[in-house]
Amino acid sequence: HADLLAFLGLRGCGREVLARALQRFCTDATLHERFRKQVIATRGATALTSAYAELGTGATDRASHQWFAGYAELVLAEHHKRQGDDAPALAAYARAGDAFVASQRDNPTYAETASFYAAMALAGRARVSLDLGDVVTAGKSIVEGIKRLPAVAEQEDGLGRTPLFTLKQILEQCAAKGLSTVRDEIEREL
């Protein structure tokens, strides 16, 4: 239905159809993916936050909505990072982490996947902080992410980076900048 509306040039109607479908089938990952793509195509990636906020006003399953809103924020954060927009990327990573934590709190059965993506959001924040030259914040974020779920260390994000690679770069920067106390803190925590 949404494809037909898009073909006819009625993308706004297509977005409405997808939003209604998500009210009924709030855990359907394929519908969420299509909704995100439709929002990006018609309103731009930066509209993902407001689109999910609008979608959330009628959500009956808060935990599922928070989970998918968090995933949309990860998509947005990676979009900003690709564009070189570090400040908005940091904010989107923070919103993603908050949404995944809220999802897990509202429905403990989401703990595994919510923890995974919350940890990846922290690793993303660490990478952006490192790129901005804030080695201390980067170190704290990467430690928090890996401690949250150690299994994420070797998982690639949407930009092809792993938390372990970011950690190694943080440790290299600590050595290069003489931040031995930061390095020692990271090593002690991990």
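Select E54 to begin: with a relative accessibility of 47%, this residue counts as partly exposed, a class that lies between buried (under 20% relative accessible area) and exposed (over 50%), as computed with a 1.4 Å probe on protein chains only. What you have open is a predicted model, in which local features need pLDDT of at least 70 and side-chain atom pairs count only at pLDDT 80 or more, while totals for chains, interfaces and linings use all residues. Residues are numbered from 1 along each chain as its sequence is written, and side-chain values use heavy atoms, with hydrogens and water left out.

Helices here are DSSP runs of H or I with at least four residues, numbered from the N terminus. R43 is also partly exposed, at 31% relative accessibility.

Next, stay in helix 3 (residues 29-43) and select K37 together with E33, which lie four residues apart, about one turn of the helix. Their side chains meet in a salt bridge, with 3.1 Å from N to O. K37 is exposed, its relative accessible area being 53%, whereas E33, with 35%, is partly exposed.

Now move to helix 7 (residues 111-131) and pick R127 and D131, again four residues apart, about one turn of the helix. Is R127 buried or exposed? R127 is buried, with a relative accessible area of 14%, while D131 counts as partly exposed at 35% relative accessibility. The two form a salt bridge whose closest N and O atoms are 3.2 Å apart. Across the model, the count comes to 11 salt bridges.

For the last stop, turn to two cysteines, C26 and C174. C26 counts as buried at 19% relative accessibility, and C174 is buried too, with a relative accessible area of 1%. How many disulfides does a search of the whole structure find? The search finds zero, where a disulfide would be a pair of cysteine sulfur atoms within 2.5 Å.

Technical notes:
Salt bridge = Lys/Arg side-chain N within 4 Å of Asp/Glu carboxyl O. Helix = DSSP H or I, 4+ residues; strand = E, 2+ residues; numbered from the N terminus.
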